Amino acid sequence: MLRSGSERKSKPRFNKQTMTVDPFLVFTSGVQALRRRAEGLSWGLGGALGVAADPYPHQVGTVERILKEARIRHLIADEVGLGKTVQALMIINALRWQNPKHKTVIVAPERLVGQWQTEAWTRGHVRAAVVGSEEVERGEDPAVLLVRPRDIQENPGILDPSNRHLLIVDEPQSIQLEVMEAIARSCSGLRTSSPVRFRQVLVLSATPRLSDPRWRSIIFEMIEPERTGISQFQSREISDYLAELEAEALSRLQETPSELRLAEQNAIYSTSSINRHISRQSRRDWSQYLPTRTNEIITFEPAQAEIKRLELIDEIISNSPSRRDISAAPWIQVRAMLRSRRSARAAMDQLGGQSPDDKVSAARRLASDDPVDTRFEALLDLLSTDWSRRPDERFIIVAGDAPTIDMLNVAIPRYIEELREDGSIAVLKRPPSATDETAIDIQYMHEAITPFIDGAARLLIIGDWVQAGLNLHHTSRNIIFYSLPWDPVVVDQLIGRIDRLRRGGLRRGDAGKFAGEVRIWRLIMRGAPEERVSKLFDAVRLFQRPLPQLSEHDAQRLADSIENAARGEIADAALKELELMSAAWDEEGLQSQLSDYDPSTSENIVALVDRKMSSNAIEPSIVSEECVKTVTLKAEIANEGWLRILGKGNIYQISNRHDREDPDLAFKTLWYAHGNPGQPIPLSEIDTRNWMTDHAVFLAKRRALSVPPRAKVITDDGEEHGRLLRFFDHGESIHDELVQGFHRLCHDTYGKDADNPEFRAIIANGHHLEPYASKAILLSVGYADASVKVEEQGVPAELLRLVDDERTTAQRARLEGDLSEYIDGIHSDQRWLNAMLPPSLILRASVLEGSIWQPVPDANVADFFKPLGRDGRFSPAPRSVPQSRALVSPSLIHSGKVAHEQSIASELPALLKASFSQFKSGLEARVKLIDFEYRDLVELRKFQWESRRSDTVGEAQREMFKGQVLGLERRLEAARLMRKSRREQLLQRATAAIKRRPQELWHLNIRFVVQT
């Protein structure tokens, strides 16, 4: 039975007696480990920003908001290209950093699985396994499990909430409705016999279909399960119930006395808004980081044979009844007739009785006999003209269907000599065997586009079915709609393949520099239905900005207008009305009465990020004084300084290498120091046999990431498959084991109660500590943060008794599931405390003058903890040796330690004074939020208990019925107890955190000697 929260990795085993590494360098490495922990808990958002990606402001704001919430059940609905996947990886990284046993399951359309698997490792430090893969079949339990919709169809039990904490659903609008309904049940615990549900939920979608009542119900069942359940018991639509809660909250705020209104305002959005669990960031607010779109329409006149086809198209459309699915026949054939002659002939063969046979035959005969293809000629003119000015440009051509793709692949090289070489054109088609669910084989897709990504191909020809999951922004800035799709969502997604956040965009945007350009072309035949559809798309600015979330009314109106435009029934007045309608879209989404209290506005996010990203580096940060960059860049530079300590000090063997196949890709390697394998910190993923077979490879700077990021590199000849390339930051296992290992090693070796012998450190001439040579130095470190191990808190005895008293397996499982969610809530409260009360790392240094310890000036203290100088580049490294005899009496050392400890203890609470007022109001709001979360849970449990109790059952089911009613009664009691206990534990932790006592106190007694 579950009794506690997170479990931790087994501790590395140290042997201080056999440890041969330099004690001074070990001590300073331990202080660097404390610095890394402090950074992770402060501006690092609990480890979230350890992912290998630049942290854009909107991502930082959203991720911090979600991690600080009372629980994680959110929809990230940012517009296309704003990095939803990276935000999800940030959240996974933070949760795993807090609890190494945390496990995630990701449900994604098949075409996205490969992207998730790659990015999980290259950015998120975690290996993701797909259901059915060799790893899973062997019985391995990966930290991230990837599930395809067809896996759920074949085996609904594949979604097992009992073994996974977090469920992520990517692009739900691309998943079949019945599959999404099953997923929603596994998230809510409603309408299912499963005893448990997923404790944490993330939904990622730029177009979540919230205007559609069916999809809105599914999404809210996932992110608002209690309120969905309550609305179902009341036979109400979820949006109506949530609107009522907003109105009640506004009324309550107006009635609150002015002296208490601040706490109510701070809590009102997170407790009562319909959008409280929805994040929607738009490109409009973050345009400085994104490329600018340019649009060009190339209109061409149809040839005689094409005019006949247009006449046939008009007749087919006029004979087609209205309100038909525009993605079905005959509309499919109509669009195909506007593409290539080959597509036109195939479409007319399919028409059958849709039009008089003689007209179809005549049009088909002309399509065969007349070689003129004005659309193809327009494409050739476009490519030739642009390449004459910019010969290095590469283009993506949206061709529409397989016959047109084949035609272009064969015909273009006939007219453009540079494309006649093999591999100059990459082609991505839907395989004939593909189904709606398995849109394309993942391996096939990646193999097909590799020549384009690697730079060998100058053209990539794709169908209009290629949407989410194919990110090409690193490869091209040009997209040509050879065939214009008539679905605005498809157009939006296709443009989104290249119009995305790009490498270096954060630096350029912050510096006010141009973030690049995305160029979009449309080839439009004059007089064709596509011309009218194109004008309609311009009226709603589809090519100027991503398609926002639409209301149900606007979505239907747009669909009707597209059909009318295709029929030729769109007038200038109607286009003007569409322009006015789209002008209001920027402010739409789900409308909240509480939007004035939304904490995630761009203004609030900018203020938050400015505070975090421009804060001073945490000392001892090994960064030159000239470096005035963001804290993330400062941390990268400081980490390289730490790595130089480990390498130059012969603590580990660290070297710089280049990939054998791509010499431009540089990275670092790490193994144990010569003659000292497994010491001082044994690393679980690095064996001790020899460097050749066991070394790890990693990057330490985001600028060093290749585009797109590489998963493996070749470090030496003879490596057949390469080595996994890591990124040295929070969440990466080697980084974290070094941080934890040096922390524990220094705690045991230099802690408050440890026996600290005096050491001599031999330094070279010119070392920055040379002025202090031959003097006794006492170095001390104090560290404190707000964290408390969840397992130390335990589960309240009353809750455990409820579980122990339950006799049936199913009811016990339900109560244990409730306890798991309670412990996750305690984890959430801990993350909130860490964010509100940042950690403190305090350094002290004193010089013994006679019998008096004289404190070193504050401005110089950090220098004593930087053995290779302020920038970490001094050589050679200091070399420590034990002092042959003690030159400082134990009593003097003791008095110096006591003075440092008292100074550290007095400074710790003072560091929190600046944030105390904000923390106090935030704590009041937090308690209100917890009360509301459990108020909903208690109300739902009441409905469930009363509903079951009122059922009529036969005599044969009487005992089972009693057990179920009693089980629901216990779950109701558990909800009440959890509400009380969680609130009390939060207040207890907050009180302890405010008092702030040092969790670590380390001392080193050292004397620097200049080498002669």
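Student: How do you know how far to trust the chain?

Tutor: By pLDDT, the predictor's confidence in each residue, from 0 to 100. The protein chain averages 88, and 93% of the residues score at least 70. Over residues 1–19, though, pLDDT is below 50, and this stretch has 50 contacts in the model beyond near neighbours in sequence. Contact means heavy atoms within 4.5 Å. Residues 433–440 also stay under 50, with 18 contacts beyond four places in sequence. Where pLDDT is low, the predicted coordinates should not be read in detail.

Student: What rules lie behind the numbering and the values?

Tutor: Residues are numbered from 1 along each chain as its sequence is written, and side-chain values use heavy atoms, leaving out hydrogens and water. As the model is predicted, local features need pLDDT of at least 70 and side-chain atom pairs count only at pLDDT 80 or more, while totals for chains, interfaces and linings use all residues.

Student: Why are helix 29 and helix 30 called roughly antiparallel?

Tutor: Helices (H or I, at least four residues) and strands (E, at least two) are DSSP runs, numbered from the N terminus. Axes are lines fitted to C-alpha atoms, for helices over the stretch in contact, and angles run from 0 to 180 degrees between N-to-C directions. Helix 29 (residues 797–805) and helix 30 (residues 809–836) pack at about 160°, with axes 8 Å apart. Angles under 35 degrees count as roughly parallel, over 145 as roughly antiparallel, 65 to 115 as roughly perpendicular and the rest as oblique. That makes helix 29 roughly antiparallel to helix 30.

Student: What makes up their contact, by class?

Tutor: L799, L800, L802, V803 and D804 in helix 29 meet R812, L815, E816, L819 and Y822 in helix 30. By class, that gives seven nonpolar, no polar and three charged residues. Ala, Val, Leu, Ile, Met, Phe, Trp, Tyr, Cys and Pro count as nonpolar, Asp, Glu, Lys and Arg as charged, and the others, Gly among them, as polar.

Student: How do you know how helix 10 and helix 11 are oriented?

Tutor: The axes of helix 10 (residues 238–255) and helix 11 (residues 261–272) come within 10 Å and cross at roughly 180°. Helix 10 and helix 11 are therefore roughly antiparallel to each other. Their contact has six nonpolar, three polar and four charged residues.

Student: What makes strand 21 and strand 22 a pair?

Tutor: Two strands pair if DSSP finds at least two bridges between them. Strand 21 (residues 840–849) and strand 22 (residues 852–855) are joined by four bridges and run antiparallel. In strand 22, Q854 is the bridge partner of V847, and W853 is that of L848. The hairpin has two residues between the strands, and G850 takes a positive phi near 70°.

Student: What makes strand 22 an edge strand?

Tutor: Six strands form an open sheet in the order 22-21-20-24-19-23, with mixed pairing. Strand 22 and strand 23 (879–882) each pair on one side only. The twist averages 35° from one strand to the next. Helix 32 (residues 890–911) lies across strand 20, strand 21, strand 22 and strand 24, at about 150° to strand 21.

Student: Which strands stand at the edges of the five-strand sheet?

Tutor: That open sheet has the order 14-15-16-18-17, with mixed pairing. Strand 14 (652–658) and strand 17 (712–713) each have a single partner strand, so one side of each is left without a neighbour in the sheet. Strand 17 pairs with strand 18 (residues 723–727) in the antiparallel sense over two bridges.
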